[in-house]
Amino acid sequence: MSLRRVTHPMVLVPLAVVAIGGAFAGGIRYEREATRARDEWADARLLSTAIDSVRANALDSLPSDELIRRAVSGMLRELQDPYAALLRPDGYARYQGTLQGTGQGIGLVLRRDGDRYRVTRVALGSPALAAGVRAGDRILAADGVPVSAVRDTNARVGDSTRLSAQQVRLTLWRAPHGDTVDVSVQRGAWHMPAVSEQGMLADSVGYVRLATISAGAADELEEVVDGLRHRGAQALVLDLRGNAGGLFEDGVRAAGLFLPRGALVSSLMGRGGADVQPYRVRHSRWSELPLTVLVDGRTASAAEVIAAALQDHGRALLVGAPTYGKGLVQRVVRLSPELAVRLTTARWLTSRGVALERRTGKGVAARGGLAPDVLLDDASRADPAGVPVGWSASVSRRAQVVADTLAMRALRHGWANRPLPLLESHLRDSITIMAPAPRSRRAGRQATARAAYAEWLAVTTRMAMVRVLEVQRESEALLRYAVREDAALREGLDVVAPGLTLSRR
């Protein structure tokens, strides 16, 4: 027996109403989408028409690609976003290279000595290291042109990323015998370590300078701290001064090394304050290691993520000056093979949910950024071979000549550099013989001259010490020696290890 389904006419009425209503709603939605699409197309057509009109009618027009580029640049300016930018291929490559830790320079850290440059450090893996450039070398000429005759060598003190185009022949003066050598350095991409300096400040205190938060910075930091721990470090000074940041995720991971697993490091907040995404510690290593963090006005972005998290969780005291105050995250979007835009897409919050404000003011009057627990008037990294700001050119030059002469003598004759105070005493005594204190018959002037000479003697001795240690590649001895000239480093060491007397072996 077959069964047949019969539908009552009264049932068909509501079904029909539902069907008609659904069709009506769908029609409204379709019409809205169509209207929005027409509006968007109208906006795009308006921009296109404006560009075509300028190109066709303007007295001094520009090519279409340049008009489009400038139109996009204008849109970015109207966003009032200081970090938004239009990137061409070279700018895009540099930006991505910085985030990935790819150096484009030759890998030298330089110090200006009068009208020349002295090499203070050669980066590991760099073209300069491969070419045989050494710490202590002086650059006399580049491609046969004396450095003293070139106003803009495209080299900044502390940086050599733009010292040359592709290849440069450097003429170097080399200690200890004053030899002149030529080396050819081929500029190219190389891995630029995120950790630029590391060592033991004392037998139980390690030091790490994290210079950037590039890809893999957290892994590199973990490896370096692990090595210091194996050498006996029971406390750590983490130097974030001058660190402009980099990748947010690597900053979170770096902070997590010193926090308990599961602790909140930071959060990202999207447009309109919606979609707050928390970032917590997944990989913890040293959640109880005594720690001090050094910061200054150039500590920014992902470096501030690290500092804020460690401060909020009570893991470290911040020593130095208020930080930059960059609580924003950027993203790069490719528009074409030739152009890309960098846009701010999110705001990051501290573990307490606070948005970082841009710092304003100086010193104790500064507002915004991260406030240090120990505030210093001068938190900058001091150059142990620098001269006082008030010195005249002639006094500075005399100190440099004497320091060079004695450093060469010490290196040639193999003066013992252990313990360091012995070498320092030997250099100081030699300076007093080579350049004795001036004498004056008038008592008032004699006291002033004596004080000035004492300062000159101390600085010249220090300069000679630094030259000897740089040539001998005594990076850790240099680090310990630099503590006396670096107020933030001294304070940070005292915070993490109160009453510790530095070993100056």
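Guide: Helices (H or I, at least four residues) and strands (E, at least two) are DSSP runs, numbered from the N terminus. This is a predicted model, in which local features need pLDDT of at least 70 and side-chain atom pairs count only at pLDDT 80 or more, while totals for chains, interfaces and linings use all residues. Residues are numbered from 1 along each chain as its sequence is written, and side-chain values use heavy atoms, with hydrogens and water left out.

Visitor: Backbone first, then. Where is Gln80 placed?

Guide: Gln80 belongs to the loop between helix 2 (64-78) and strand 1 (85-87). Although Gln80 is not a glycine, its phi is positive, at about 60°.

Visitor: Is Gln80 buried or exposed?

Guide: Gln80 is exposed, having a relative accessible area of 65%. The classes are buried under 20% relative accessible area, exposed over 50% and partly exposed in between (1.4 Å probe, protein chains only).

Visitor: What about Asp143, what is its phi?

Guide: The phi of Asp143 is near 55°, again a positive value in a residue other than glycine. Asp143 sits in the loop between strand 5 (138-142) and strand 6 (145-146). With 43% relative accessibility, Asp143 is classed as partly exposed.

Visitor: And which residues does the cis peptide bond join?

Guide: The cis bond runs between Ala175 and Pro176, with omega about 10°. Pro176 is part of the loop between strand 7 (167-174) and strand 8 (179-186).

Visitor: Changing topic: how many cavities of 30 Å³ or more does a search of the whole structure find?

Guide: The search finds one. On a 1 Å grid over the protein atoms alone, a cavity is a set of points where a 1.4 Å probe fits but cannot get out; a pocket is an open set with protein on both sides within 12 Å along at least five of seven lines, and lining residues have an atom within 4 Å of a point.

Visitor: How much space lies in the largest cavity?

Guide: About 60 Å³. Such a volume is the space filled by probe spheres set on the grid points, which are joined across faces, edges and corners.

Visitor: Which residues line the largest cavity?

Guide: The lining consists of Arg118, Gly136, Arg138, Trp173, Ala175, Asp404, Ala407, Met408, Leu411, Arg467 and Val471.

Visitor: How many residues line the second largest pocket, and which lie nearest its centre?

Guide: Its lining has 20 residues, and those nearest the centre are Ala382, Asp383, Gly386, Arg462 and Glu485. Helix 10 contributes the most to this pocket's lining, with five residues. Helix 9 (420-434) and helix 10 each provide at least two.

Visitor: Why is the pair of Tyr453 and Trp456 stacked?

Guide: The pair of Tyr453 and Trp456 counts as stacked because the ring planes are at 25°, with the centres 5.9 Å apart. Tyr453 and Trp456 are both in helix 10, three residues apart, which is about one turn of the helix.

Visitor: Is Tyr453 buried or exposed, and what of Trp456?

Guide: Tyr453 is buried, at a relative accessible area of 10%. Trp456 also counts as buried, at 4% relative accessibility.

Note on methods:
Rings of Phe, Tyr and Trp (its six-membered ring) pair if their centres lie within 6.5 Å; planes under 30 degrees apart count as stacked, over 60 as edge-to-face and the rest as tilted.
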